[in-house]
Amino acid sequence: MVENARSLNFATGLILLIGMAYILGPLYLTLTTASHSYEFMLRNGLAWYPGDQLVANMARVFTETRIPVQMLNSFLVALGNAAATCILSVLSAYALVYFRVRWAGVAFALILATIMLPLEIRVITTYQVASNVFSPLNALLDVTGLNDLIAQIAGVPLHLEWSVLNTHFGLIAPLVAHGTGTFLFRQFFRTLPADLFKAARMDGAGPIRFLFDIILPLSRTSFAALFVLTFLSGWTQYLWPLVGASTPDMQTAVVGLARLVPDAEGTVPDFPMVMAGAVIVSIIPLVMIALLQRYLVQGLVLSEK
Amino acid sequence: MSSDSNLFSNRWLPVLLVAPFMLLIAVFFYAPVFQAFYWSFFLEQPFGGGSIFVGWENFARVLSDSEFWEAAWRTIIFMVTASSLAVAVPLILAVAADRKIHMSLPARNVLVWPKGVAGASIGVVFAFIFNPFVGVLAPLNNSFPGIWAPGIDGTDAFITLVAAHVWGGIPFNFVIILAGLQSIPRTMHQAAAMDGAGPWRRIFDVQLPLIMPQLFLTLVLEFTESVTSAFALIDTITDGGPGGATTLLVYKIYVDGFSGYDLSGASTQTAILMVFVIILTAAQFLFLGRRINYER
Amino acid sequence: MNAIDTAIRAAAADINLAGVTKAYDPQTIVIPPIDVELKAGEFTVVLGPSGCGKSTLLQMIAGLERVSAGKIVIGGREVQDLEPKQRGCAMVFQNYALYPHMTVFENMAYSLKVAGLAKVERAERVAGVAKMLGLSDCLSRKPGQLSGGQRQRVAIGRAIVREPGVLLFDEPLSNLDAQLRHDMRVELAELHRRIGATTVFVTHDQMEAMTLADRILILNRGRIEQFDTPKAIYHHPASVFVARFIGAPPMNILPVTADGSALCLADGQVVAETPLTGSFQLGIRPEDIVTNGNGAGRILKAMLRFREDLGSHSVLAADLAGSVIRVATPFGVDTADQPELSLNFPPSRLHLFDAETGRVMADALGA
Amino acid sequence: MNAIDTAIRAAAADINLAGVTKAYDPQTIVIPPIDVELKAGEFTVVLGPSGCGKSTLLQMIAGLERVSAGKIVIGGREVQDLEPKQRGCAMVFQNYALYPHMTVFENMAYSLKVAGLAKVERAERVAGVAKMLGLSDCLSRKPGQLSGGQRQRVAIGRAIVREPGVLLFDEPLSNLDAQLRHDMRVELAELHRRIGATTVFVTHDQMEAMTLADRILILNRGRIEQFDTPKAIYHHPASVFVARFIGAPPMNILPVTADGSALCLADGQVVAETPLTGSFQLGIRPEDIVTNGNGAGRILKAMLRFREDLGSHSVLAADLAGSVIRVATPFGVDTADQPELSLNFPPSRLHLFDAETGRVMADALGA
Amino acid sequence: ADIEFWYGNTGNVETAIKAECDAFNAAQSKHHVTCVGQGSYEVSMQKAIAAYRSHNYPVLIQFFDAGTLDLMLSDAVVPVQDILPDVKWNSYIAGARAYYETSGGKLFSQPYNASTLLFYTNKTELEKAGIAKIPTTWEEVIDAARKLKAAGHACPFVTDGDTWRVLEQFSARHGLPIASKHNGYDGLDAEYVLNTTFAAKHLTNLVEWRKEGLVKLNADTKAGNYTAAFNAGECAMMEGSSGSYAASAKAFEGKYEITVGMAPMYQGYERHNTLVGGASIYVMKGRDQSEVDGAKAFLDFLRQPEQQMALTAATGYVPVTNDVLDAIAKSGEGNSTKYATAAIGIKSMNQPRTEDSRGIRLGFYVQFREVFMEETQKAFAGEQTMQAALDRAKARGDELLRRFEKTYKGVKLP
Ligand SMILES: Nc1ncnc2c1ncn2[C@@H]1O[C@H](COP(=O)(O)OP(=O)(O)OP(=O)(O)O)[C@@H](O)[C@H]1O
Ligand SMILES: Nc1ncnc2c1ncn2[C@@H]1O[C@H](COP(=O)(O)OP(=O)(O)OP(=O)(O)O)[C@@H](O)[C@H]1O
Ligand SMILES: O=P(O)(O)OC[C@H](O)CO
Ligand SMILES: [Mg+2]
Ligand SMILES: [Mg+2]
């Protein structure tokens, strides 16, 4: 920057300091509370300084709650969400950018529209659909009258049923039905020089080879960014896992954590344990951010164009 | 773009490539959306025993329901206050972190951390931290009893939600805005400095106008993000209370549909909300999007 | 097997374009029907202003762009409907278009790999080409770790490793700085001598065109203005367009009128004798004008406006009959700084063009 | 009010750099202490290879970069600790750095607005400058809607609208194509004549330097190699560095030894007489070499390697005593294509440099 | 057969339910039951609905009282009495039966974790404040509260203002209707009347008492929750479900003495029965006979006195068949605190009955509970008067009823 005025730097530093305090404050209080005993909390409330019960509280989270197995669910959901989103997005974006198809615009609009209506808005009916994935098909068969035909031929109308509720697939699929990844990759592909495509064609590469030999290796950073983003988003989901999984053993850790509070009806919630749970539940994504922050930033930068 | 030199001409391969994703969004996005609109024209028995077509009656009822409008109004207030804060705070921080001082490196890192903390976890934590008896504001309450009572006072509950939302919303917006700021060429600052503009003036004359695309993006995304985050926060901090003071539309839909098993009512509200969001997003694109399309 | 063969080895081939036309959309015809014959092994430079269709032409030969009409025959085969890889052409792109994630070796070997050539053979061929291009030491580096010149060479290596019958270059030097550009030019010339592929080289830099080409094809809005050797194009431009386009500073063009005996400038000064009548455009190169009035031809009076001293020579700008002309003084000659100049236009150096069409009037000037 | 004054109007001012030093970090000194005096109204071109510190020097004058040590005096005021806007300098950036969100008018008026000038006055001044630069028609357009040359002019307009005492240019023409570059060069020269501000112009294009500069400052790794008029720099380069840097093709440099009487090439051929002894570097410009052995000085034998015909002249590359030298034949001269060349190195055109330091040996050659 | 059973409870109740499931599986080998907790009554119900719609549901589901009408009209369940015709259903106490039977007197579901509203005191604290007699009327409760407050007690009486506690149970035992048509028992065209009965006065009193510092709500307590506040000794008196007795007793152990009694009455009002709360188990329609057999076996198992006693001991839920009280008496632990709620609970539910204290049979009642809470909370926060809140609750509630009526057009109450 141009000026180096001391007062300016001081003000800037102060703003950043306040910002960091705002971010770190709750995290710090979470940690300190998690490091005291339940009795200490009952007596003193919020803990301003660390205690020595952190390990003990964490151990209790592991022995007394379902959070360990729920962490596994979270991990599977996050991983599944990330992997499926990356793969499906890259394929669809590739098809839309690198092929001469007349319907590309329509397809892209259809995909883009999914960004506008978050799952939280349409959760009721998504739940209904998830309870029978074939219901749209059934409805289609009924409406078009095809089912009458089928009923005449086969004797009974076709009515397929497949509930994905309370399955890992069911937890993941509605999260993947989201266009951000396709959008991101499309933007990225469009920044790749057109000559690269020409060069590959001159070298004799067809669409599949071009995808695997050129596009995929070049998309590594975008891939990583999207992967981190969708992993985090899968991990931190709340509403869908809350309704999509009916048993605690299928629920994700975030839901389990939120459940720890009302679970303790009749007693003051065991906040130290809840906070220890919060720490445990956030540790994987936080480590991920710390390690992959670079990709995250690059990925988000891309999405801006 | 229409030229063949840039494109493959295979006919079925692209269909094959898009098909899995299209199928997925057809089933898990469009079918539910369609279902919501469909149900909003019926009175649907919860256990599926039967349904009665009622035309626009559901809409008429919802739209004349003062509860719906209050929830809608609260939603708008939340979106406006929480979303604008969730963009403004990161904006200020990003402008600060864009200056090369010692603090900016750790800040750039730390400010991204909340991205890893789930909305529901934030909720659990903030519920405790803002607890009127044991939380950070307890001393205040000791001196002025009842001054901070999110369990009783709707405004206090609302403030807690906003504070939590902003906390969780900082990273994403911060990163995008910072990226925008950093993509402003150094010479642009130098040119403005030569033109006599100080740092403060440059923020408004150069930096802000130039990161309009990023700001626009954050605003659009923040919009849907606030819906998502709001649900988790409400469900973990306030349960929509006290007295419905924090019942935003998303939460109301969930409660009506899931606790009240009023599928038609919930669907109708969903449908209205969808139309509202679509109109708003379209408006954003039309009014904001158009003005910021200049080349660098 | 035939596919592999043309993909990775072909003899230098003739290229014939017959009535080749290109329109990206029906309204705008980028290239009206053109016919060109390029001889096997010849080095053709395609020169023209931006947007005239050079790249389009090249890409049609390469198969990256479909022809709207017409035939392309390479080495006797009609290829306009074939895929790029079946045409036996290789191409070097303006910004190289190297695969950034592959090493130099992988970049060069990629086409061979796609064609299914065995690993050992691939390695051998790449090694050979790398040696020829002085790239042996950087085979395992990625393009990002190379200098501009090296990248350029990798791009060329990638093209010639396939031993193509036709080598296409689309402004391959335009991203390099002046020094490197000069060096690469020399390298390219030598390379062509060695591998002998029919070469089509697109540029808008006339220096490149002059020094590299066997023949230069000058395009103007998709039409061929002239297709001839560099010398012929320099000394006998077929049109005002060519005359202006080649040479720096460009040829001076002055409106003249002829009355059947003399060729007059706008202010009446007589430049030369001529049997013609009518209006024309007169061309003379800045370096052909003799200052100080002691050359052949009549003396013309001009007013000096300013001079640029370029060390090796100076360029004077002068007003002559209402037009500004440029005069290059040969190096060594120091012109005194007086405003009035006496100039000679040696008749043998004069070019006369039709005022309407801009085409040259053959043998129109006596002397 | 004084602030406004220097911000928007100043007389052409001397610039004195005394012991100015720059180190971005303590290890790497980008500019060792240098002293320069630029006269008021003078047009100084700073020339040097990439990374030599040209931009850094300019930015220190502008106040965009702090000096590590030393004093900068502009128009008698010590300015090294002042803010950019207090120095009365204006600057044109390489990529123009126009504000993309402002119209051309707003771009040009911005500094006036910041300085608090009234609206009417702003409009007046901008209108004046716009007219001078031929921009009157595009005042309400955004930079994105302008051509390269127009953007360039807006950048200049933005700088001169403040009527600065000092005008700084950082490679303002490097993004333009050759034709436009040439035109802008002419425009700039005229502009300078008109507004008369002390001008510092950074470039690495010697053509620009030669044609624009009153004096050229040649930088090499932050050090001043030579600071003199273009002519002096071309004809009397102070070092091998300068000699090689100026002129295209560059001066030929050959290692020579002197035995107190004769100056010999590596293969023993005598080039000239000399009273010196020791090893030196001999320089001669390609265009100073006379071919066909009929010029002044001794005849040297060289082998032709290849020739490039540039139309206006040809450049020959030849082997001489183990080095490759370039010879430019004046236009009009057609050399026969024989491999053996007889060359004259006219003694008056020879430059002798110290083998170690590369500095010129003044008056070292008889003749 | 392998069968599944869904329930909504959490905490120590959930532990007790799981124990019963394990006991069933251990007791015989013909069937195996998997018991799945859904987190809450409301969520459990919604999940059941969606599961039923997708034909992917368990044979046994526990539903709470508020869902009774929805289930009766759902056509999704088979009345237990049809499936198990041989069971002596009239051994169920009338108070429990009334809520879950059809107009024809047929039990629709098997009462399971039955609760009712009780009055809890922290005897130790009351005595400290000089209150010797456990209050039985609201007047006494408030009197005691004043004393407690005077003695420096921060939280004399606590409630969460929940619909079930402050409206349903209050109205029932005071013989007041909350809706016409005997709370909907006589037809879908009922209307709310809660804003016109004495309940309105009581609720207004609560607002006043809260202002005075005698009554506290969840959010007024440090513990954040009324039972937790009572259990921790923060509050001295509370009205609560019998289902939370075990937890309270355990929390008091060694610190305080606890009492439970029937919920307080206003002087001058005759005491009527309190309603059965908690939840009952339904057999879902359309499952295989083998599953139904498993379901029958499990229901039979749960009905056994020993099982009911175990649940009571572990949680405080009230046994609801007449034979259990005898069994408790026979066990010789009749006076043990772990069965403290059994006798008092049954006694409370067996008080004289009116047509308005049978139960609640109103449509979209779960949503109405939300409405009631929302409006009264606003009244407690001072944003509107309690009367206004109740008026609004009635208006919004009637709206729900009309819609329900329309949704089930042509359907008859069974
Ligand atoms: N894909 C395309 N679709 C439509 N028009 C195109 C396309 N590609 C090129 N054109 C148009 O065709 C004309 C010729 O373009 P081409 O790229 O061949 O020019 P060029 O001579 O290579 O120019 P340059 O020197 O700038 O590379 C231009 O007017 C251009 O706008
Ligand atoms: N902000 C900086 N921090 C550290 N080093 C820098 C900085 N700016 C420039 N340098 C270094 O200082 C040296 C001089 O840079 P400068 O930009 O002045 O070169 P230049 O002559 O303008 O080169 P060019 O022709 O490429 O513009 C270079 O080695 C460069 O790497
Ligand atoms: O808390 P419980 O289980 O006694 O249930 C209370 C009410 O009946 C719920 O509707
Ligand atoms: Mg081109
Ligand atoms: Mg520079």
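Student: Is the link of E:C21 and E:C35 left-handed or right-handed?
Tutor: In this predicted model, a disulfide joins E:C21 to E:C35, with an S to S distance of 1.8 Å. The angle about the S-S bond is -100°. That angle makes the link of E:C21 and E:C35 left-handed.

Student: How many residues apart are E:C21 and E:C35?
Tutor: The sulfur atoms of E:C21 and E:C35 are joined. E:C21 belongs to helix α1 (residues 11-27) of chain E, and E:C35 to strand β2 (residues 32-37) of chain E. The pair thus links distant parts of the chain, at a separation of 14 residues.

Student: Is E:C35 buried or exposed?
Tutor: A residue counts as buried under 20% relative accessible area. E:C21, the partner of E:C35 in the disulfide, has 2% relative accessibility and is buried. E:C35 has a relative accessible area of 10%, so E:C35 is buried.

Student: Which handedness does the link of E:C155 and E:C235 have?
Tutor: The sulfur atoms of E:C155 and E:C235 are 2.0 Å apart and form a disulfide. The angle about this S-S bond is 95°. The link of E:C155 and E:C235 is accordingly right-handed.

Student: Which strands of chain E hold E:C155 and E:C235?
Tutor: E:C155 and E:C235 form a disulfide. This pair links distant parts of the chain, 80 residues apart. E:C155 is in residues 155-158 and E:C235 in residues 235-241, which are strands β7 and β9.

Student: What pattern do the disulfides of chain E follow?
Tutor: The structure holds 2 disulfides over all chains. One joins E:C21 to E:C35, and another is formed by E:C155 and E:C235. With bonded cysteines counted along the chain, the pattern is 1-2, 3-4.

Student: Which residue has the closest cysteine sulfur to that of D:C89?
Tutor: D:C89 is buried, at 0% relative accessibility. Its closest cysteine sulfur is 20 Å away, too far for a bond. That sulfur is in D:C52.

Student: Between which chains does ligand 1 lie?
Tutor: There are 13 residues around ligand 1, and C:S50, C:G51, C:K54, C:S55 and C:T56 come nearest. Helix α2 (residues 54-62) of chain C gives the most to the shell, with 3 residues. The ligand itself lies between chains B and C.

Student: How much of the accessible area of ligand 1 does the protein cover?
Tutor: Oxygen atoms of ligand 1 are 2.8 Å from an N or O atom in the side chain of C:K54 and 3.2 Å from a backbone N or O atom of C:C52. An N or O atom in the side chain of C:T56 is 2.5 Å from an oxygen atom of the ligand. On its own, ligand 1 has 630 Å² of accessible area, of which the protein covers 63%.

Student: How much of the area that ligand 2 exposes does the protein bury?
Tutor: Ligand 2 is surrounded by residues including D:S50, D:C52, D:G53 and D:E171. An oxygen atom of ligand 2 is 2.5 Å from an N or O atom in the side chain of D:S50, while a backbone N or O atom of D:G53 lies 3.0 Å from an oxygen atom of the ligand. Of the 630 Å² that ligand 2 exposes when taken alone, the protein buries 58%.

Student: How many charged residues does the shell around ligand 2 have?
Tutor: Helix α2 (residues 54-62) of chain D supplies the largest share of this shell, 3 residues. By class, the shell has 4 nonpolar and 6 polar residues. The number of charged residues is 2.

Student: What is the phi of D:E171, about?
Tutor: D:E171 lies in the loop between β7 (166-170) and α6 (178-195) of chain D. The residue is buried, at 9% relative accessible area. Although D:E171 is not a glycine, its phi is positive, at about 45°.

How values were computed. Residues numbered from 1 in each chain as written. Chains lettered and ligands numbered in written order. Predicted model: local features only at pLDDT ≥ 70, side-chain atom pairs only at ≥ 80, totals over all residues. Heavy atoms only, no water. Near = heavy atom within 4 Å. Polar contact = N/O pair within 3.5 Å; in protein donor to acceptor, adjacent residues only side chain to side chain. Areas by Shrake-Rupley, 256 points an atom, 1.4 Å probe, with all protein chains shown as cover. Helix = DSSP H or I, 4+ residues; strand = E, 2+ residues; numbered from the N terminus. Buried < 20%, exposed > 50% of the residue type's maximum accessible area, 1.4 Å probe, protein only. Nonpolar A, V, L, I, M, F, W, Y, C, P; charged D, E, K, R; others polar. Disulfide = S-S within 2.5 Å.
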